[in-house]
Amino acid sequence: MADEITVEQLADDMYDLVKKAEGKKKYKPNDLIKEVITKYGDKVDKKDGKEAIKLLMDSERCVYSYAGGSFVELAK
Amino acid sequence: MSDSKTPLLDELEKGPWPSFVKEIKKAARTSRKAKDLLGQLELSYKDKKTHWKHGGIVGVRGYGGGIIGRFSDVPEEFPGAAHFHTVRVNQPSGWFYTTDALRQLCDIWDKYGSGLTNMHGSTGDTVFLGAGSDELEDIFTELSKAEWDLGGSGSDVRTPSCCVGPARCEFACYDTLALTYDLTMAYQDELHRPLFPYKWKFKMAGCPNDCVASIARADFSIIGTWRDEIRIDQAAVAEYAEKGLDIQSDAIRRCPTRCMKWDGNTLKINDHQCTRCMHCINVMPKALRPGTDTGAVILIGAKAPIVQGAILSSVLVPFMKIEPPYEELKDLIEKIWEFWDEHGVARERIGELIQRVGLGNFLEAIDIEPSPQMITQPRDNPYIFYEEYYAEEKEGGEA
């Protein structure tokens, strides 16, 4: 990964986004990747974003949900 | 009056066809889940509405696909069917199972689920119907131990599916089974972790007969074809004629491009006019065979009418050699995904995106040259734009 932005940092950022949006908005996985790319510019890429989502799921902080399309939600 | 508890469903057992009601009743003898399913289904027929809720948060750890949530909206009345999730199991390429493998699956399913299966779902997977939320991890663990994996569901790569290919079919123009296995392994992440705007289906058909109906169902169809000439065994053609086949009516007149001639002794085919429809080969399989320079035509964009109307797929690459390690094919797939990720909106299939942005723009973005095969119907108007025509017209001072 470019510079110092770690996958863990991206996963934390994504978690915060999902948490803040709970009950108001549902994030699609790709939306989360776009958000962190917007935040960090070319320091991160799509592959880093994918890794971060993987980490988010494997750490059981978030889960996938399905309502027409697939979304990322907080694990209950 | 009948004292049956399912009088409406009983009607579906009448008639000379197999009945899913009969099968559920059979399962209901030993499964509470199946028994309550029958009860809920009868209620749905009575109320004329479904009592299933769709989706929600169900799945196994780390996976976003493979489980489809089904919750009953009358759980107090039918507790056995309160959670009735569907588990998609990634099927072997071409649906070849040993009896041992089938027993293994059934044993797992009898232990945890309702015992009801759908062999196979329209996506292609082996489908287990009726798992409780608490049982999902155990089912997944047992399947994994036995080296089975879950298939795709949600906005991801759906379980790639193919025809029986060269294993049982002499017409196969490439190894559909090998390609299906390769793509399944290569795109494990995309299969299990939804990241696309909507679903993506690969279907591999070995020849233009397209026995997996990929042209109507797959976002990305890989249909076997050939570039050289149809192989003709004139003696076998004559034998068909001797045995009573009306070659003129049954083959020549039904050729969509009228590219064949039969003078009573010799069959001639103008292969440049042939669209590889397979009709003549299907009529005389012992006499005609696909050519030997084989590969596949790649088509894109089919879908069933869920969000918008149904779309049949369009030719994207008229001919591509399909050989391991399939680099050219994978490069193309990944370019398309890149474009779809960038421009697709939620629940938009690739075919709908192409219609929205225009095929010309799509081709330019994925770096593919327009070709005459990309037309709506044979010998009809092209629906792509050739920018150089406009440039020439402007230079010439016309329109």
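## Buried or exposed?

A residue counts as buried when its relative accessible area is under 20%, and as exposed when that figure is over 50%. Keep that cut-off in mind while looking at this model, which is a predicted one.

Now try K48(B), found in the loop between helix 3 and strand 1 (52–54) of chain B. Its phi is positive too, near 60°, and again the residue is something other than glycine. This time the relative accessibility is 75%, so K48(B) counts as exposed.

## One side of helix 2

Next stop: helix 2 of chain B, which covers residues 20–28. Which of its residues are buried? They are V21(B), I24(B), A27(B) and A28(B). These residues span an arc of only 120° around the axis, so they end up on the same side of helix 2 of chain B.

What do those buried residues pack against? Their partners in chain B are helix 1 (7–10), helix 3 (32–47) and strand 5 (116–119). At the start of helix 2 of chain B, a side-chain oxygen of S19(B) comes to within 3.0 Å of the backbone nitrogen of V21(B).

With a relative accessible area of 79%, P16(B) is exposed. Its C-alpha atom is 30 Å from that of V87(B), a residue 71 places away along the chain.

S72(B) belongs to strand 3 of chain B, residues 70–72. Its relative accessibility is 4%, so S72(B) counts as buried.

Its side chain makes a polar contact of 2.7 Å with the side chain of Q40(B). A polar atom of the S72(B) side chain also lies 3.0 Å from the backbone nitrogen of V74(B). Leaving aside residues up to four places away in sequence, S72(B) touches Q40(B), H51(B), W52(B), K53(B), A81(B) and A82(B).

## Two cis peptide bonds

Have a look at the bond from M119(B) to H120(B): this peptide bond is cis, with omega near 0°. H120(B) is in the loop between strand 5 and strand 6 (126–131) of chain B.

The peptide bond from P324(B) to P325(B) is cis as well, with omega near 5°. P325(B) lies in the loop between strand 15 (314–320) and helix 12 of chain B.

## Where the chains meet

The size of an interface is often given as the accessible area lost when the parts come together. Here, chain B and chain A bury about 1,800 Å² between them, with 54% of it on carbon and sulfur atoms. On the chain B side, I57(B), R193(B) and L195(B) lose the most area to chain A, together 34% of what that side buries. The contact takes 21 residues from chain B and 20 residues from chain A.

What links cross this interface? There are five salt bridges and seven residue pairs in polar contact. One salt bridge joins D189(B) and K54(A), whose closest N and O atoms are 4.0 Å apart. Helix 7 (188–192) and helix 12 (327–343) of chain B each supply at least two residues of the side that touches chain A. Helix 12 of chain B gives the most to that side, with three residues. By type, the chain B side splits into six nonpolar, seven polar and eight charged residues.

Technical notes. Residues numbered from 1 in each chain as written. Chains lettered and ligands numbered in written order. Predicted model: local features only at pLDDT ≥ 70, side-chain atom pairs only at ≥ 80, totals over all residues. Heavy atoms only, no water. Buried < 20%, exposed > 50% of the residue type's maximum accessible area, 1.4 Å probe, protein only. Helix = DSSP H or I, 4+ residues; strand = E, 2+ residues; numbered from the N terminus. Arc of directions from axis to C-beta. Contact = heavy atoms within 4.5 Å. Polar contact = N/O pair within 3.5 Å; in protein donor to acceptor, adjacent residues only side chain to side chain. Buried area = accessible area lost by both parts, 1.4 Å probe. Salt bridge = Lys/Arg side-chain N within 4 Å of Asp/Glu carboxyl O. Nonpolar A, V, L, I, M, F, W, Y, C, P; charged D, E, K, R; others polar.
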